[in-house]
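Open the model in your viewer and keep the selection panel handy. The tour runs from the whole chain to the ligand site.

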Amino acid sequence: MTQGLTLLGATGSIGASTLDVVARHPDRYHLFALTAHQAADALLALCLRYAPRYAVLSGVVEDQDLRRRFAQSAGGTELLFGAPALEQVASDRECEVLMAAIVGAAGLAPTLAAARAGKRLLLANKEALVMAGPLFMRTVREHGATLLPIDSEHNAVFQCLPQLGAGTSTRAVRRILLTASGGPFRSAPIERLSQVTPQEACAHPNWVMGRKISVDSATMMNKGLEVIEARWLFDVAPERIEVLIHAQSIIHSLVEFVDGSMIAQLSNPDMRVPIAHALGFPERIESGATPLDLAAIGQLSFERPDAQRFPCLGLAYAALRDGGTAPAVLNAANEVAVAAFLEGKLRYTAIPQVIEQALERTPATQVDGLATVLEADRGARRAAAQSVALLMGKAP
Ligand code: NDP
Ligand code: MG
């Protein structure tokens, strides 16, 4: 019997890697549902190939012609419209495994719905955990869901903690070291950063990813979000989570134990490795990744991140310390700033300014449910949009 998989964000970068691994294991999985936001043609092409039971276009209004085109595919795929349909396919009884690979805050509600339905949850959408970490982890526990991290660093940490796993006690851990490539501007002259273009920021040296996470990697907000993600996934205090620049992206993260041992996970930078790990867990299955040739790589290097070059990292630690809704504010302001940068409206170096101003203007409150988180998200987007409007076109 194969397991039914719902893939949220099927038309994205993680979506493509997931489909590649799943196609290698037809004896294990069948696709129950595939989702996209607006990319109707790309989603239809995937449905023709993989014949899922459902497809969802969350950002498109009801369209009979589109529905007919999907229904004519060999699998007779039923097309659903609108964001609520994401929650439907994430919590359906026939979805046994959920890959959460939507980008940004939009992933929170359907991922939480899958947690509430007790699913086996493969989490790439780090923003969900950043926005609502404690609420998310409590929901996973209370509803008996299984949470497996897909983010390569967290998947690496998970692999270094085989006896523990995500969400359980990590008393024997002294430190978690999250590695970061440093992105495309690791050694660029700092005075040039105000002039960098979206195209330069998206040209990551080691990974091919969606545009939003590529910019986050350049600013190192991605690592900041990952510090917050690790804090909740592994229940480790923020001061025990460190970031280490490792330009080759071969070691995906390390765990140091109280006895002084360090365990690391290595592979070529290929998201199919963590995806296959989580899909197969606790077994190991073929991922399609090229084996690592350490002799060819020769050397691995490490350095501490430069706080001046990467101010977003400090902002993320500060939001984590402030707690409550602060990480949701950080995340929302970052999404607004990055979108404005990608549209050519905001300078690269103004991204941290927008986030800092949103954090200052939106005081953190306690989180007592999803509504508080979503309210903080909306407030932060308003504040960030105002900052963007003021900073637009301003000289560096
Ligand atoms: P992409 O931008 O490549 O893909 C995003 C996917 O989400 C697309 O299917 C897109 O649909 C869909 N989507 C976009 N906006 C919405 C919305 N508002 N509501 C519903 N669906 C939406 O992103 P990535 O695959 O790079 O990243 C996905 C997640 O995985 C992110 O949270 C990222 O941080 C995380 N991640 C990614 C890694 C990577 O290597 N790419 C590594 C580690 C984590 P459409 O095509 O219609 O726009
Ligand atoms: Mg990562």
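Buried means under 20% relative accessible area, exposed over 50%, and partly exposed in between (1.4 Å probe, protein chains only). By that cut-off, buried residues make up 56% of the 396 residues in the chain.

This is a predicted model: local features need pLDDT of at least 70, side-chain atom pairs count only at pLDDT 80 or more, and totals for chains, interfaces and linings use all residues. Residues are numbered from 1 along each chain as its sequence is written, chains are lettered from A and ligands numbered from 1 in the order in which they are written, and side-chain values use heavy atoms, without hydrogens and water.

**Whole chain.** Show the cartoon. Expect 16 helices and eleven strands; these are DSSP runs, helices being H or I of at least four residues and strands E of at least two, numbered from the N terminus.

**Ligand 1.** Select the residues around ligand 1, with a heavy atom within 4 Å of it. There are 24, and Thr-11, Ser-13, His-37, Gln-38 and Glu-127 come nearest. Color by domain next. Domain 1 (3-149) and domain 2 (159-270 + 287-320) both give residues to this shell, so ligand 1 lies between them. The bounds come from an automatic or database domain assignment.

**Helices at the site.** Pick α1 (13-23) and α6 (126-142): each supplies at least two shell residues.

**Backbone contacts.** Now check distances to oxygen atoms of ligand 1. A polar backbone atom of His-37 is 2.8 Å from one. For a backbone N or O atom of Gly-9 the distance is 3.4 Å. For Ala-124, a backbone N or O atom lies at 3.5 Å.

Conventions: A polar contact is a pair of N or O atoms within 3.5 Å; within protein, one must be able to donate a hydrogen and the other to accept it, and residues adjacent in sequence count only if both atoms are side-chain atoms.
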